[in-house]
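Open the model in your viewer and switch to a cartoon view.

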Amino acid sequence: MKVKVSRRATFNAAHRLHNNSWTETKNKEIFGKCNNPYFHGHNYTLFTSVIGEVCKETGFVIDLGYLSSLINELIIDYLDHKNLNLEIIEFEDLNPTLENMLIVIYNRLRNKIDKKYYLEVKLFETENNFAEISDSA
């Protein structure tokens, strides 16, 4: 039997949705106010879930303290209070949309979480807008 355990975390970051190969007019048309040249910010909420067998010795799927430290080290410390376009290497040539942010976060975590676990990540950009990714997707 597999069990899913989850950890919630929050961070704040600024970004500008912009495609450098488009004109300013097209960028404004597609991205609207999210194309503000002075950037804009969000209070992000991240849910990270690990799915696996419960260890008979510990009673854990995964030590949530360990998962919390990974999230803090790889995601929160990396993204919190940053301008994604200017300070985060992955977004040097990648538009920091909700979807692209989710993929970056997922990849950073997936590289450090044992492959015996399934990983699901959900990122809320606003109360109403979120994206999800998982190993099974």
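Start with the sheet. It is open, has five strands in the order E3-E1-E2-E4-E5, and its pairing is mixed. Helices (H or I, at least four residues) and strands (E, at least two) are DSSP runs, numbered from the N terminus. Two strands pair if DSSP finds at least two bridges between them. This is a predicted model: local features need pLDDT of at least 70, side-chain atom pairs count only at pLDDT 80 or more, and totals for chains, interfaces and linings use all residues. Residues are numbered from 1 along each chain as its sequence is written, and side-chain values use heavy atoms, with hydrogens and water left out.

Now select E1 (residues 2–15) with E2. They pair in the antiparallel sense over 14 bridges. Zoom in on Ala 13, which stands opposite His 42 in E2. Ala 14 stands opposite Gly 41 in E2.

Move to the other pairing of E2, with strand E4 (residues 118–124). It is antiparallel, over seven bridges. Leu 46 stands opposite Leu 123 in E4.

Is strand E2 (residues 40–53) largely enclosed or open? Of its 14 residues, 10 are buried, so E2 is largely enclosed by the rest of the structure. Buried means under 20% relative accessible area, exposed over 50%, partly exposed in between (1.4 Å probe, protein chains only).

Next, select helix H4 (residues 98–110). Its 13 residues reach 18 Å from first C-alpha to last, close to the 18 Å expected at 1.5 Å a residue. That expected span is 1.5 Å times one less than the number of residues. Buried residues of H4 include Leu 98, Met 101, Val 104, Tyr 106 and Arg 110. The cover over the buried residues of H4 includes E1, E2, helix H2 (64–79), helix H3 (84–87), E4 and strand E5 (130–134).

Finish with H2 against H4. They pack at about 145 degrees, with axes 10 Å apart. Axes are lines fitted to C-alpha atoms, for helices over the stretch in contact, and angles run from 0 to 180 degrees between N-to-C directions. Show Leu 70, Ile 71, Leu 74, Ile 75, Tyr 78 and Leu 79 of H2, then Ile 105, Arg 108 and Leu 109 of H4: these make the contact (heavy atoms within 4.5 Å).
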